[in-house]
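Hi everyone, thanks for coming.

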Amino acid sequence: IGVTAIRALLEDLPPSTRPTVIIRANEESQVALREEIHELARRRNGNVREIIGPLESFSFTPGTLLELVPDLAKRDLYVCGPPGLVKTVGEAARRAGVARSALHFEEYAL
């Protein structure tokens, strides 16, 4: 699952980093490592945004990404998930102003 890679990244980030973590799941019960992710983000003065519901109920567009992370274009973006999600988020992030060099991906197959 993609959140395990994000958890590892959070552990390695410098304390001065202020991460924003976006977790997407169909149901709350599917959010793995919830407490650990929230705690690791909190330790770095970051935050976690959870998007819960069917995939069709939320679209990763440039606008929705900027609502979630207003300064997105100034950040590095790490996306972990199935290929379709990674592609969608990557394309939306590029249209939202994220430099190609600031995009980092890890795909996994279900």
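By exposed I mean over 50% relative accessible area, while buried is under 20% and partly exposed is in between, with a 1.4 Å probe and protein chains only. Before going on, a word on the source: this is a predicted model, where local features need pLDDT of at least 70, side-chain atom pairs count only at pLDDT 80 or more, and totals for chains, interfaces and linings use all residues. Residues are numbered from 1 along each chain as its sequence is written, and side-chain values use heavy atoms, with hydrogens and water left out.

Back to N45. Where is it? N45 sits in the loop between helix 2 and strand 2 (47–52). Helices here are DSSP runs of H or I with at least four residues, strands are runs of E with at least two, and both are numbered from the N terminus. Just after helix 2, N45 takes a positive phi of about 55 degrees, although N45 is not a glycine. As a reminder, most residues other than glycine have a negative phi.

There is another such case. L33 is not a glycine, yet has a positive phi of about 60 degrees. You'll find L33 in the loop between strand 1 (20–25) and helix 2 (34–43). L33 counts as partly exposed, because its relative accessibility is 29%.

Now helix 2 itself. Which of its residues are buried? They are I37, L40 and A41. Seen down the axis of helix 2, these buried residues fall within an arc of 100 degrees, so they line one face of the helix; the arc is that of the directions from the helix axis to the C-beta atoms. The buried residues of helix 2 pack against helix 1 (2–12), strand 1 and strand 2, where contact means heavy atoms within 4.5 Å. On the other side of helix 2, E35, R42 and R43 are exposed.

Let's zoom out. The protein has four helices and four strands, and along the sequence they follow the pattern α-β-α-β-α-β-α-β. The radius of gyration is 13 Å, close to the 13 Å that the globule rule gives for 110 residues, so the protein is as compact as a globular protein of that length. That radius is taken over C-alpha atoms, and the rule is 2.2 Å times the number of residues to the power 0.38. Finally, buried residues make up 34% of the 110 residues.
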